[in-house]
Amino acid sequence: MRILLATAALALLPTVLRAEPMSLDEALRRAETQAPELRAREAGVDAATSAAIAADRLPDPKLDLAVKDFPVTGPDAGRFNRDDFTMQVIGVSQEFTNPAKRRARALRASADIDVAEAEQAVAAQDVRLATALAWIDLHYAKKRLKELDLLDAELDDLQATVAARLASGAARPAQALEPEQLRAGLADRRSALTSEIARYRAQLTRFTGDAAADTTGDLPPLVVDGDALRAGLAALPLLRAYDARTIAADAETGLARAEKRPDWTVNAAYGRREPNFGDLVTVGVTIDLPLFAKKRQDPKIAARASEATRARLDREAAEREVAAALSADLAMHRMHDEQLANARTRLVPLAKKRAQLDLESFGAGRLDLGTALLSTLALAEAEVDALAREAEVARDGVRIIYTYGEARR
């Protein structure tokens, strides 16, 4: 029994360890090893690599077994030893693919590896970005919930103040309900935030494989350098994937051109006959004759060349789109950063000062409780809004760095 319990404990140990809250870097490391789409892309690279081994090899030789010139009518029908042409034949043939076609196939297989590796890099980039955004969303949703909890604590202090004023006759009995009304409104916000936290935790679990995914620590500093990002756009995984597809299209064009060069096959056979007639040996060569290239090979070459042109134009369009998206994202990031600075330097301090003055006026009996509560609520909303703006700036930074800066990782 003790052995069984120990085994069960060891089996559960990795799960317990994984249940610890994760920093952003730890979440990214787990996603890189746990996300199934990355393992799928890795399998695709392995498949392309294995297929490339046989891409430029000659076809397997063929074994020919036959009975030739066996009589089926006439006086010798059904007899092997009466007709001098009847024989049992064993032969071997080997097809020799022209070298240009073999080189084109090897290039095409190499391009397939590049495409698979580029797709793997794109998938890794997508997983890293999605994991980081889920971590940020969960991190800041928890912070916003904490702000609501602090407001609840302040409402307790206000409730005590109201009770003291009621006891002294300085407040109306109905005012005792106002903190509870505000607390009831906050309950709806807390419920919405709790739902968001559950959703963000599920998203983080989806990539890290941790059923109890949670965040810990602070967000690492994010430095967005627009000039450096623009300079490195050509090396992005997305554009590398387009480059690989262009090379694959060129390889297909080369393969189509190679079809105009003939393949040839060498045949050798040994025919055994009755001893009275003697055995025979046959040696020969078969050569393809691409005589109708204008209606066979040339149209295929033109089609593959057009596809290669399309691949280049698609790559150019993608590069322009990425450059435009980067400029738009940088502009949005600057706007969100300015809004965050405005919240931190003006909106929150002003709301805090107003709430403090109103509470002092309420304590001195110069202001009604409802106005003091509204000021307290406005402060909480300003602080929660500042956190939302901070989260938006963080999301912008992560999205920009992980989308346009992955080439330097």
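Trainee: What makes E1 and E2 a pair of strands?

Mentor: Keep in mind that this is a predicted model. Pairing takes at least two bridges between two strands. Strand E1 (residues 62-68) and strand E2 (residues 87-96) are joined by seven bridges, so they pass that mark and count as paired. They run antiparallel. For one of the contacts, look at Leu-63, whose bridge partner in E2 is Val-92.

Trainee: And how do you know that E2 pairs with E3?

Mentor: Go by the bridges again: nine of them join E2 to strand E3 (residues 264-272), also in an antiparallel arrangement. At least two are needed, so E2 and E3 pair. Here Val-89 stands opposite Gly-271 in E3.

Trainee: Why is the contact between Glu-37 and Arg-206 called a salt bridge?

Mentor: The rule wants a side-chain nitrogen of Lys or Arg within 4 Å of a carboxyl oxygen of Asp or Glu. For Glu-37 and Arg-206 the N to O distance is 3.0 Å, so the contact qualifies. Glu-37 sits in helix H3 (residues 36-53) and Arg-206 in helix H5 (residues 178-208), so this links distant parts of the chain, 169 residues apart. By this rule, the model has 28 salt bridges.

Trainee: Why do such side chains pair up at all?

Mentor: Side chains of opposite charge can pair when their charged atoms come close.

Trainee: What makes Asp-250 and Arg-312 another case?

Mentor: Their closest N and O atoms are 2.6 Å apart, and the limit is 4 Å, so this is a salt bridge too. Asp-250 lies in helix H7 (residues 237-258) and Arg-312 in helix H8 (residues 297-363), so the pair ties together parts that are 62 residues apart in sequence.

Trainee: Why are Asp-250 and Arg-312 called partly exposed?

Mentor: Buried means under 20% relative accessible area and exposed means over 50%. Asp-250 has 29% and Arg-312 has 42%, so each falls in between and is called partly exposed.

Trainee: What joins Glu-26, Arg-29, Arg-30 and Asp-210 into one network?

Mentor: Salt bridges that share partners connect these four residues.

Conventions
Residues numbered from 1 in each chain as written. Predicted model: local features only at pLDDT ≥ 70, side-chain atom pairs only at ≥ 80, totals over all residues. Heavy atoms only, no water. Helix = DSSP H or I, 4+ residues; strand = E, 2+ residues; numbered from the N terminus. Buried < 20%, exposed > 50% of the residue type's maximum accessible area, 1.4 Å probe, protein only.
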